[in-house]
Amino acid sequence: MPQSPPAVAPASADVIEIERALSRVAYLSSRVRPHDRLMAQAGISLDRAAVALLRQIADTEPLRPSELANRLAVEASHVTRQVQQLEKSGYVTRVPDPEDGRAQRIQLTPDGQRAIDRIREASRHGMRAALADWSPQDLQQLAALFHRMVDDFLGYAETDAGIPAERPA
């Protein structure tokens, strides 16, 4: 006889509101129009997947394609296609993996670094404008809480899957 799932305590009103706010942020960040506006401001023409990949490489480079896929929670074939396109555009290059001569890692080229710098600056410009009325203390608190939340989400996702959590530095 199948067992019924364990009883789960209902979410608090605060957790419900946080989930709603995060859903709104995710929706807003995934819309095409803001992405197109960001690309126009940065003077670059890349799709959202390519930008996500460039951001990840810039933050953690160089990585194997399989590591990139894991960090972005996408299929390896998706990363392979994106890397090929970014290579053709001159934004990334493959370098030998020092730990395994048969493997390769992906790193930004100088053009790729300039592109991600322009994208980030355009993104920060919009964020500064949107948060212009916030106090420095509120901005500092929001940044700290966002980092803490992301770290906790990553830790939960890794331990939930039976993988020990690894906290970023």
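Mentor: What follows is a short talk about a few terms and the values behind them. This is a predicted model, in which local features need pLDDT of at least 70 and side-chain atom pairs count only at pLDDT 80 or more, while totals for chains, interfaces and linings use all residues. Residues are numbered from 1 along each chain as its sequence is written, and side-chain values use heavy atoms, with hydrogens and water left out.

Trainee: Why is Ala 73 called exposed?
Mentor: Exposed means over 50% relative accessible area, buried under 20%, and partly exposed in between (1.4 Å probe, protein chains only). Ala 73 has 69% relative accessibility, so it counts as exposed.

Trainee: And why is Gly 90 called partly exposed?
Mentor: Its relative accessible area is 24%, and the class in between runs from the buried limit of 20% to the exposed limit of 50%. Therefore Gly 90 is partly exposed.

Trainee: Which residues does Gly 90 touch, leaving out those up to four places away in sequence?
Mentor: Thr 109, Asp 111 and Gly 112; contact means heavy atoms within 4.5 Å.

Trainee: What makes the phi of Ala 73 worth a remark?
Mentor: Most residues other than glycine have a negative phi. Ala 73 is not a glycine, yet its phi is positive, about 55°.

Trainee: Which residues touch the most other members of the largest nonpolar core?
Mentor: Among its 24 residues, they are Ile 44, Leu 46, Leu 54, Leu 86, Val 92 and Ile 119. Such a core is a set of buried Ala, Val, Leu, Ile, Met, Phe, Trp, Tyr and Cys residues joined through side-chain atoms within 4.5 Å.
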